[in-house]
Amino acid sequence: MAVTEETKIRKHNLKLYPRYLMLGFDLLFYYGIRVMFLTEVKGITSSQILLSSTIYAFSMIIMQVPATLLTSKLGYKNTAITGNILNIIWALILITFKSFAGLALSQVISGTAFALKYVSESNLLSSSIPQAPTYQRNEIFSRLDKKGFSRYCIFSAISIIISGFLYNINPYIPIFLSLICIIASTAISFNFNDIREDESKQSFKDYMKDLKKGYKFITKSKRLRALLVMTGAVWGIIGLLDSYQLTLLQDIGATSVQIGIIFAMFELTRG
């Protein structure tokens with residue numbers, strides 16, 4: 001690849017990343033109304049919602065090693081695309097499922113999607129930054145990552161308020177808007193370019209061997225086992241708190257609009 005062409009690709013990726021992160025960092029239009037949607041529309045109980053959060057966290061933990069190996073095989077761009085496509089499937093299942101089994105399946109798919117996204121997206125940005133002293137690369141990474149995340153938080157706050165109003169009109173409207181945002185982020189991810197092509201393509205057999213070695217190494221390492229347990233515990237606590245606060249707000253009689261305003265303030269604070 002010519003130097004000038006590689007420079008253009010790097011600039012293109014760096015320019016595109018904040019826009020992508022604004023739409024693709026997490027699920028827009030969904031979180032503020034999800035408990036009300038699942039309980040009132042889908043007939044899911046509060047205990048089942050909490051169990052589904054545990055399934056999501058467990059799926060993310062289990063998929064960390066396969067996601068890393070898959071990224072090394074597919075590249076950062078294709079892994080990010082795969083994660084976004086899985087989120088599209090998640091949204092379609094969320095719209096159509098009729099039992100807890102469907103919710104559990106959607107959570108497994110969502111956990112897998114975000115495991116792939118978290119492994120690939122930050123590395124895509126990092127690999128796109130031109131060669132420079134470490135402190136300069138860190139500064140560029142931090143600036144672009146913060147820019148995209150701040151935009152996401154602002155957009156998320158707006159979407160949460162809007163979803164609260166739209167839920168009263170039709171509870172499926174916020175879910176369809178979330179699906180549209182996922183499709184948009186997927187379209188943007190197709191426009192990224194991997195800076196370096198991996199010349200050593202693995203066969204499926206070699207990939208499975210590496211996967212088994214990875215799990216075997218983890219089971220023998222006390223530090224990695226402790227890290228997985230700690231990560232799982234943290235994810236579980238975050239999921240439980242997130243679900244409980246929505247459930248409590250619903251139990252005390254808060255409307256979807258009031259919940260939207262409360263969570264919008266939280267998102268703006270994060271941004």
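## A cluster of rings

Let's start with three aromatic residues: F25, F149 and Y152 are linked into a cluster by ring pairs. Please keep in mind that you are looking at a predicted model. Across this model, the count of aromatic pairs comes to nine.

One of these pairs joins F29 and F155. Their ring centres are 6.3 Å apart and their planes stand at 90°, so this pair is edge-to-face. F29 sits in the loop between α1 (3-24) and α2 (34-41), while F155 belongs to helix α7 (residues 134-169), so the pair ties together parts that lie 126 residues apart in sequence. F29 is buried, with a relative accessible area of 8%, whereas F155, at 23%, is partly exposed.

## A tilted pair along one helix

How are the rings of F114 and Y118 arranged? Their centres are 5.7 Å apart and their planes meet at 45°, so the pair counts as tilted. Both residues belong to helix α6 (residues 100-128), where four residues, or about one helical turn, separate F114 from Y118.

The two partners can also be described by their accessibility. F114 is buried, with a relative accessible area of 1%. Y118 has 31% relative accessibility and is partly exposed.

How many salt bridges does a search of the whole structure find? The search finds one, and it is formed by the side chains of K117 and E121, which meet at 2.6 Å, N to O.

K117 and E121 lie four residues apart in helix α6, about one turn of the helix. Are these two residues buried or exposed? Both K117 and E121 are buried.

## A lysine over a ring

Now turn to K42, which pairs a lysine with an aromatic face. K42 lies over the face of F97, 4.9 Å from the ring centre.

## A nonpolar patch on the surface

Finally, have a look at the surface. Here I154, I158, I162 and L268 form a nonpolar patch, and together they have about 350 Å² of accessible area. Which helix gives the patch its largest share? That is α7, with three residues.

Conventions: Residues are numbered from 1 along each chain as its sequence is written. This is a predicted model: local features need pLDDT of at least 70, side-chain atom pairs count only at pLDDT 80 or more; totals for chains, interfaces and linings use all residues. Side-chain values use heavy atoms; hydrogens and water are left out. Rings of Phe, Tyr and Trp (its six-membered ring) pair if their centres lie within 6.5 Å; planes under 30 degrees apart count as stacked, over 60 as edge-to-face and the rest as tilted. Helices (H or I, at least four residues) and strands (E, at least two) are DSSP runs, numbered from the N terminus. Buried means under 20% relative accessible area, exposed over 50%, partly exposed in between (1.4 Å probe, protein chains only). A charge sits over a ring if NZ of Lys or CZ of Arg is within 6 Å of the ring centre and within 35 degrees of the ring normal. Patches are made of residues with over 30% relative accessible area and no salt bridge: like charges are joined within 9 Å, nonpolar side chains (Val, Leu, Ile, Met, Phe, Trp, Tyr) within 5 Å. Accessible areas come from the Shrake-Rupley method with a 1.4 Å probe; for residues, only the protein chains shown count as cover. A salt bridge is a side-chain nitrogen of Lys or Arg within 4 Å of a carboxyl oxygen of Asp or Glu.
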